[in-house]
Amino acid sequence: MVGALWLWGCTGFADAPGDEAPRSDAGEMASQLFEAMVAVFEEETMGVDFMLETSWMVRSEYEGLDDGRRRRFFGRVVPVGRSGLGVRITAEYQEPAGEGAEEEWRDQPREVVEEEAAAVEIRMARQVERRYHADR
């Protein structure tokens with residue numbers, strides 16, 4: 001069996017060029033992919049809010065957007081097909097739920113933010129791919 005590396009944002013996936021590893025190295029590949037993803041989150045977002053290496057999952061801090069909304073990212077190393085690994089990065093957008101002393105937020109429906117989110121998710125997944133290959 002061989003393992004292949006796949007990367008995608010929320011809208012689809014694109015294969016990463018050339019890297020194949022024996023299936024027994026899948027854990028090491030996942031760990032390296034996770035490290036690359038954390039590095040990209042630290043550079044491209046407001047910072048890492050939470051990460052769980054045993055599940056290869058990371059979540060960014062919220063960042064304010066110019067129009068009063070906020071956004072954060074979730075990333076995870078996931079299996080793809082029978083022998084591959086990939087990165088799923090999802091952007092979550094929120095808008096103010098109302099005015100008052102305590103600011104409350106509500107999630108924006110995915111269909112409302114799909115176009116905006118998909119572009120940034122793919123961009124970040126490609127950055128993880130580049131980082132992964134550069135660190136190897």
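**Strand S4 and its surroundings**

Modeller: S3 and S4 pair in the antiparallel sense, with 4 bridges between them. Keep in mind that this is a predicted model. The two strands make a hairpin, and 4 residues separate them. S3 covers residues 48-52 and S4 covers 57-60. Across the pair, leucine 52 sits opposite methionine 57 of S4.

Now the turn. Tryptophan 56 is in it, with a positive phi of about 50°. Serine 55 also belongs to the loop between S3 and S4. Is serine 55 buried, exposed or partly exposed? Its relative accessibility is 24%, so serine 55 counts as partly exposed.

Strand S6, residues 70-80, is joined to S4 by 3 bridges. This pairing is antiparallel. Here arginine 59 stands opposite phenylalanine 74 of S6.

Next, the two faces of S4. Val58 and Ser60 make up the covered face. Met57 and Arg59 make up the uncovered one. So methionine 57, which stands opposite leucine 52, and arginine 59, which stands opposite phenylalanine 74, are on the uncovered face; valine 38 is a separate case, buried at a relative accessible area of 9%.

Valine 38 lies in helix H1, residues 26-44. Its relative accessible area is 9%, so valine 38 is buried. Serine 60 is 22 residues from valine 38 in sequence. Their C-alpha atoms are 9.3 Å apart.

H1 leads on to helix H2, residues 110-135. The two helices pack at an angle of about 125°, and their axes are 8 Å apart. H1 and H2 are therefore oblique to each other, since the roughly perpendicular range ends at 115 degrees and roughly antiparallel starts over 145. Their crossing is right-handed. By class, the contact of H1 with H2 holds 10 nonpolar, 2 polar and 4 charged residues. On the H1 side, the residues include Met29, Leu33, Met37 and Phe41. On the H2 side, Met124, Val128 and Tyr132 are among them.

Technical notes:
Residues are numbered from 1 along each chain as its sequence is written. This is a predicted model: local features need pLDDT of at least 70, side-chain atom pairs count only at pLDDT 80 or more; totals for chains, interfaces and linings use all residues. Side-chain values use heavy atoms; hydrogens and water are left out. Buried means under 20% relative accessible area, exposed over 50%, partly exposed in between (1.4 Å probe, protein chains only). Two strands pair if DSSP finds at least two bridges between them. Axes are lines fitted to C-alpha atoms, for helices over the stretch in contact, and angles run from 0 to 180 degrees between N-to-C directions. Angles under 35 degrees count as roughly parallel, over 145 as roughly antiparallel, 65 to 115 as roughly perpendicular and the rest as oblique. A crossing is left-handed if the near helix is turned anticlockwise from the far one by less than a right angle, and right-handed if clockwise. Contact means heavy atoms within 4.5 Å. Ala, Val, Leu, Ile, Met, Phe, Trp, Tyr, Cys and Pro count as nonpolar, Asp, Glu, Lys and Arg as charged, and the others, Gly among them, as polar.
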